[in-house]
Amino acid sequence: EWKVDTNGDVQEDIAFHVLFRSDGGRQIANVYYCKGDAARRSGAAGELVIGNAPVSFGTEFQNTTIDEYRFFAGLRGDPFFGDPIGLKNNMQWTGQDYFADKNVFGIVLEIPNRVLGSHPQIGVWAQIMVPIHGGFKSVNRMGRPGRLQGVLGSDIFNGVYPSKQRELFLDHLTEKFQDRKSTRLN
């Protein structure tokens, strides 16, 4: 799911939900556009804007375009640089790129600007939802800045809704980064 806050209240006003399923031995995806109350739900809510889009697992790029929407899901080389050993060692970087030989499963959605509304600033976060006991649970959430998951721990971060994160984590993070900054200066 991609959640978009269009008015600065850190509550989703619109959302895009991507649901994957198997169909005759291949993976396909459906993309739904939601607004208002539907944006706060998970699953097949709202208007279907991309239907039965193929998922790319090989070298062939399979892109689906319907009206003003364009969608891709599949494997690609991971362009991200990460040094998790250095992160866990009080940010003493090793220079080794853990992701150099890794692939990433990318999900890309191109949408018309008008769908995002007229406010000049928006907030966007994405979350991976899994079906559990007839509902959905967030198992991974990313937004700006995504690196907080590494500092806080993904279980803590994913369990707190974005509108509550500042209230719950700001003091802890400020203290943690101030300690690291003073350690580097000494």
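Tutor: Start with a scale for burial: a residue is buried under 20% relative accessible area, exposed over 50%, and partly exposed in between, using a 1.4 Å probe and protein chains only. By that scale, Ile 107 is partly exposed, because its relative accessible area is 34%. The model is predicted, so local features need pLDDT of at least 70 and side-chain atom pairs count only at pLDDT 80 or more, while totals for chains, interfaces and linings use all residues. Residues are numbered from 1 along each chain as its sequence is written, and side-chain values use heavy atoms, leaving out hydrogens and water.

Ile 107 sits in strand β7, residues 103-110. Helices (H or I, at least four residues) and strands (E, at least two) are DSSP runs, numbered from the N terminus. The protein has four helices and nine strands. Their order along the sequence is β-β-β-β-β-β-α-β-β-β-α-α-α.

Ile 107 also belongs to a nonpolar surface patch with Phe 20, Phe 57 and Phe 105. Nonpolar side chains (Val, Leu, Ile, Met, Phe, Trp, Tyr) are joined within 5 Å, like charges within 9 Å.

Now set the patch against the whole. The protein's accessible surface is about 12,000 Å², and 52% of that belongs to carbon and sulfur atoms. Buried residues make up 33% of the 186 residues.

Asp 5 has no salt bridge. Its nearest side chain of opposite charge is Arg 40, 7.9 Å away. Here Lys and Arg count as positive, Asp and Glu as negative; His and chain ends are not counted. The Asp 5 side chain does reach the backbone nitrogen of Asp 9, at 3.2 Å. Leaving aside residues up to four places away in sequence, Asp 5 touches Val 10, Gln 11, Asp 13, Ile 122, Gly 123 and Trp 125. Touching, or contact, means heavy atoms within 4.5 Å.

How values were computed. Accessible areas come from the Shrake-Rupley method with a 1.4 Å probe; for residues, only the protein chains shown count as cover. A salt bridge is a side-chain nitrogen of Lys or Arg within 4 Å of a carboxyl oxygen of Asp or Glu. A polar contact is a pair of N or O atoms within 3.5 Å; within protein, one must be able to donate a hydrogen and the other to accept it, and residues adjacent in sequence count only if both atoms are side-chain atoms. Patches are made of residues with over 30% relative accessible area and no salt bridge: like charges are joined within 9 Å, nonpolar side chains (Val, Leu, Ile, Met, Phe, Trp, Tyr) within 5 Å.
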